[in-house]
Amino acid sequence: MPHLAALLRVARRLTPEPASAEDLVQETMLLAWRGFRGFQTGTNARAWLFRIMFNVFHGQARRELRVPDLPSRGVRPMLQEAAEIAEALGALSLEQRTVLLLCVVEGFTCREAAGILDLPMGTVMSRLSRARQELRESLAPMAKEAYR
Amino acid sequence: MTDDELDQRVRASILSEELDTSRVAAAVRSQIQTQRRHVRGWAVAAAALIAMVLAAGFSYRTFRREQTPQLCVAAAQDHEREIVNGEPRQWLSDLTAIQSLGAKQGVPASAIAALGTTGYSLERGRLCFLKKQIYLHLVYVKDGTEYSVFLRPLTNEAPFGHSVREVSVGAEDSAYFQTTRLTAVFVAGHSHAAAAFARAGARVLQGLPS
């Protein structure tokens with residue numbers, strides 16, 4: 001099943017529990033299967049899948065009247081470096097974290113991320129910039145600690 | 001730390017995580033299979049329903065074609081032979097004799113008399129066979145046009161309704177209906193002429209006591 005890992009990787013940082021992330025990805029894949037006729041051949045299937053996932057995610061959040069803005073407890077990094085990054089990433093707002101995951105980790109361009117999230121490209125760029133800045137500030141003390 | 005260095009650290013850290021997608025993949029496959037079975041079940045049910053509706057429609061059309069139009073075809077052919085072409089037949093022209101002949105076949109005398117009150121004049125009558133059944137064939141005249149009326153008591157044939165239905169059979173116009181006691185077929189050479197007489201006839205025949 002293509003792009004499942006990428007979807008799950010991002011979903012685990014959107015939802016508070018690993019089970020919720022799996023449910024989100026499962027629903028995304030089922031919606032994609034049902035609506036496959038709506039997919040335009042030759043366009044970016046990965047971006048299309050992410051767009052579906054974010055639609056489902058925001059729909060769920062609206063229904064539950066909350067947006068999980070807390071660091072994901074579902075991610076259990078094995079290394080110290082990974083733990084620090086996960087903590088710093090979890091401290092970001094959901095909007096900043098989402099943009100950072102799409103652009104930095106999944107390699108989407110700002111234009112593609114804007115299409116997935118249905119946002120103006122300027123908003124994506126400014127969120128990405130702020131996310132990097134906050135992440136840099138969060139990681140700096142840890143780096144100092146490490147070099148001491 | 002530059003943007004590129006930061007991005008690289010974040011990317012390397014997150015992509016190094018182990019992800020188990022097997023559970024999600026299995027769940028998605030299972031759901032897709034369930035939904036396919038569901039859709040297949042509905043498709044089979046829908047196809048069966050459509051087939052039943054088509055079969056019912058076909059049966060009804062066949063039934064209608066067998067019962068009523070064939071009778072009209074036979075009546076129109078009889079009218080053409082005996083009235084239009086004037087093939088020699090023995091006719092009764094006396095009202096009492098015609099009523100007596102009809103009564104023997106189960107056609108009430110009052111029905112023949114009632115048809116005479118519609119503005120059409122009874123000219124002659126005889127018995128004939130339509131679709132292997134005996135009908136009282138009456139010839140009425142109005143404004144120089146001859147009309148055939150075929151009457152038969154209602155027996156066990158399939159009913160085709162009390163409303164007047166009109167069909168064209170070749171050059172002839174035919175109309176038919178049933179009362180609680182009679183099957184009646186009207187034929188004339190003019191378009192809608194038979195239907196006009198049939199509607200007038202239906203009003204008086206359906207008003208007769210059963």
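1. Basis. The model is predicted: local features need pLDDT of at least 70, side-chain atom pairs count only at pLDDT 80 or more, and totals for chains, interfaces and linings use all residues. Residues are numbered from 1 along each chain as its sequence is written, with chains lettered from A and ligands numbered from 1 in the order in which they are written.

2. The sheet. Chain B has an open sheet of 6 strands, in the order β1-β2-β3-β6-β5-β4, with antiparallel pairing. Strands are DSSP E runs of at least two residues, and helices are H or I runs of at least four, numbered from the N terminus. Two strands pair if DSSP finds at least two bridges between them. The edge strands are β1 and β4 (165-169) of chain B; each pairs on one side only. Neighbouring strands are turned by 25° against each other on average, direction ignored. Axes here are lines fitted to C-alpha atoms, for helices over the stretch in contact; angles run from 0 to 180 degrees between N-to-C directions.

3. The β3-β6 pair. β3(B) and β6(B) (residues 182-188) pair in the antiparallel sense over 6 bridges. Val149(B) stands opposite Phe186(B) of β6(B). Helix α5(B) (residues 193-206) packs on the sheet and touches β3, β4, β5 (172-178) and β6 of chain B. The direction of α5(B) makes about 155° with that of β6(B).

4. Helix α3. α3(B) lies across β1, β2 and β3 of chain B, at about 30° to β1(B). In this helix (residues 95-104), Ile98(B), Gln99(B) and Gly102(B) are buried. Buried means 20 or more other C-beta atoms within 10 Å of the residue's own; exposed means 12 or fewer, and partly exposed is in between, with C-beta atoms placed from the backbone. The buried residues fall within an arc of 100° seen down the axis of α3(B), so they line one face. That arc is taken from the directions from the helix axis to the C-beta atoms. On the other side, Thr96(B), Ala97(B), Ser100(B) and Lys104(B) are exposed.

5. Gly106(B) follows α3(B) with a positive phi, near 95°.

6. Contact with chain A. Here 21 residues of chain B are in contact with 20 residues of chain A. Contact means C-beta atoms, placed from the backbone, within 7 Å. On the chain B side, α1 (3-15) and α2 (22-84) each give two or more residues. α1(B) gives the most, with 9 residues.

Technical notes: Contact = placed C-beta atoms within 7 Å.
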